[in-house]
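I opened my notebook to write down what I looked up, one entry at a time. Come along and check each entry on the screen.

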Amino acid sequence: MSRIAIVGAGIGGLAAAVKLAALGHHVEIFEGSTFVGGKCRTETIGGYSFDVGPSLFTLPAVYRDLFLKTGKPLEEELELLSLDPAFEYRFDDGATFAYRGSRRALMESITQAFGVRAALQWQTLLDRGSEMWRIARDPFIQSPIAPWRSMMRRKGVVRDSRIIAPHRTLRSLGRSIVSDPHLRMLIDRYATYTGSDPRKAPAALLTIPYIESTFGAWHIKGGVGSLSGALARRAETLGVIIHLSTEVRTIETSSNEVTGIRLENGDFYPAEIVISNADATHTFNSLLDAPRQAAKLAKAAPSLSGFVLMLGLRGRTPGLGHNTVLFPAGYDAEFDALFGSSPHLIEDPTIYICSPDDAAMRPHADSESWFVLVNTPGTTFVDWSNQATVERYKNQIIDLIEKRGITVRDRIEVCQVRTPADFERENRAPGGGIYGKAGNSRTAALSRTKNSTHIKGLYSVGGSVHPGGGLPMVGIGAEIVCKAIGPAS
């Protein structure tokens, strides 16, 4: 049995702890904040509850498998609610489109909004995403990053590369299949799921619409952040010790092998294995003396960040679903502002509104809890400590929503703001980046920080490392690490 120390109680750290404890290891988690879950948490303010991190639960099979194999099924811990439609998209020209759950209903929805030709093209896009997922799932997503040479020796690599299209960007491949301008905007948005620019992000991100339409979109009753609490309870049931308000100062090594962790108070915790659930840049810049890895991470562009409004509103908004996206007139202007030579605030941004129809997340039936997210540059480019800037941008976002015919200002009972500066401080995310480093290259997925490091006994999990951000990918990354460590002997 190994003594395993996990730095950080985010979803990746918790998932790894659950699995490793079930495999017979002694596991302790050291978390600097007062709560578990990292970015995945549900916050309650004045009776209104908000998912301040992930607001959608996709590929639930990842966590169903984890819970089932370590005790009781996931559904005995949490109530999952299927969302149909998963999203409603509203465009500046007045067009609307509901992304329905079943493939047939989705095609009918596209046909009604944009015509038969658009529906057929989207079907072709989903088929391509399905083939990409089939090819990439086992060797690339659910496995450690392999050397280029070994990947090139795989059987069928030439055929598979034609489908994956490593030489194409998301925008390039998407626009070669889909001609409707509204659906092209939707394709571009999938790059923002990884904090990236669709003009540079890999075409393989076309797996995202396939996953959404095939495996569904889900809400967890009481908030997606409830997943964090369920994982912590399962971990403690299996004997994991979780230390909250316990900051880790350094990961200690000797002869290129971990020896344990040093806490901020000076205490040393010996461990044969250390798993960092911190952002990769923080791990190699601050917790370790690893100049080569730190230099490599410094070369990569940071992912986009976010400006968040948590709005507790009186009354109900007619026709507003769980997830609503308000697109601007010009989407390229947003990507220029985010990823251009001089990143700056977006005057007319895409606005995402999550308004769960969940009685457990609002104080009474005639009220709504809104989580509003706008993509922004991080702290490197905007002075988010300037309260006048924050206040102006808050009012600007509310005004833009109201211009779409949705009454907000006169209904506000709770209004809390989260800026990139808050994300940087609370999550130790450099620059306030939500997704680690941006995937702004066609080989981005293969250049992520590996789960197994060059230091013996040191592993990494979380959204800033392989296989990437989002709840399912973080869970898969934890599984990769657990397989590498193996059961207690």
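**Strand S7 and its partners.** I looked up Arg 90 and found that its bridge partner in strand S16 is Leu 326. Strand S7 (residues 87–90) and S16 (residues 323–326) run parallel and are joined by three bridges. For my own reference, strands (E, at least two residues) and helices (H or I, at least four) are DSSP runs numbered from the N terminus, and two strands pair if DSSP finds at least two bridges between them. This is a predicted model, in which local features need pLDDT of at least 70 and side-chain atom pairs count only at pLDDT 80 or more, while totals for chains, interfaces and linings use all residues. Residues are numbered from 1 along each chain as its sequence is written, and side-chain values use heavy atoms, with hydrogens and water left out.

I then turned to strand S8 (residues 96–99), which runs antiparallel to S7 and is joined to it by four bridges. There, Glu 88 stands opposite Ala 98. The hairpin of S7 and S8 has five residues between the strands, and Gly 94 in it takes a positive phi near 100°.

Which residues of S7 are buried on its two faces? I noted Phe 87 and Tyr 89 on one side, with Glu 88 and Arg 90 on the other. Buried means under 20% relative accessible area, exposed over 50%, and partly exposed in between (1.4 Å probe, protein chains only).

I found a cis peptide bond joining Asp 84 and Pro 85, with omega about 5°. Pro 85 lies in the loop between S6 and S7. Another cis bond runs from His 466 to Pro 467, with omega near 5°. Pro 467 sits in the loop between strand S20 (458–460) and helix H16 (471–485).

**Positive phi.** I reminded myself that most residues other than glycine have a negative phi, and most peptide bonds are trans. Leu 59 has a positive phi near 45° and is found in the loop between S5 and helix H2 (61–69). At 7% relative accessibility, Leu 59 counts as buried. Ala 165 is in the loop between helix H6 (157–164) and helix H7 (170–177), and counts as buried at 2% relative accessibility.

**A three-stranded sheet.** I traced an open sheet in the order S5-S9-S6, with antiparallel pairing. S5 (57–58) and S6 (80–82) stand at the edges with a single partner strand each, so one side of each has no neighbour in the sheet. S6 and S9 (residues 217–220) pair over three bridges, and Leu 80 has Ile 220 as its bridge partner in S9.

What are the buried residues of helix H15 (residues 420–427)? They are Pro 420, Asp 422, Phe 423 and Asn 427. Seen down the axis of H15, these fall within an arc of 155° (taken from the directions from the axis to the C-beta atoms), so they line one face of the helix. They pack against S15 (305–314), S18 (367–376) and S19 (412–418), where contact means heavy atoms within 4.5 Å.

**Aromatic rings.** I noted 18 aromatic pairs in the structure. Rings of Phe, Tyr and Trp (its six-membered ring) pair if their centres lie within 6.5 Å; planes under 30 degrees apart count as stacked, over 60 as edge-to-face and the rest as tilted. Tyr 352 and Phe 371 have ring centres 6.5 Å apart and planes at 70°, so this pair is edge-to-face. Tyr 352 is buried, with a relative accessible area of 6%, and Phe 371 is buried too, at 5%.
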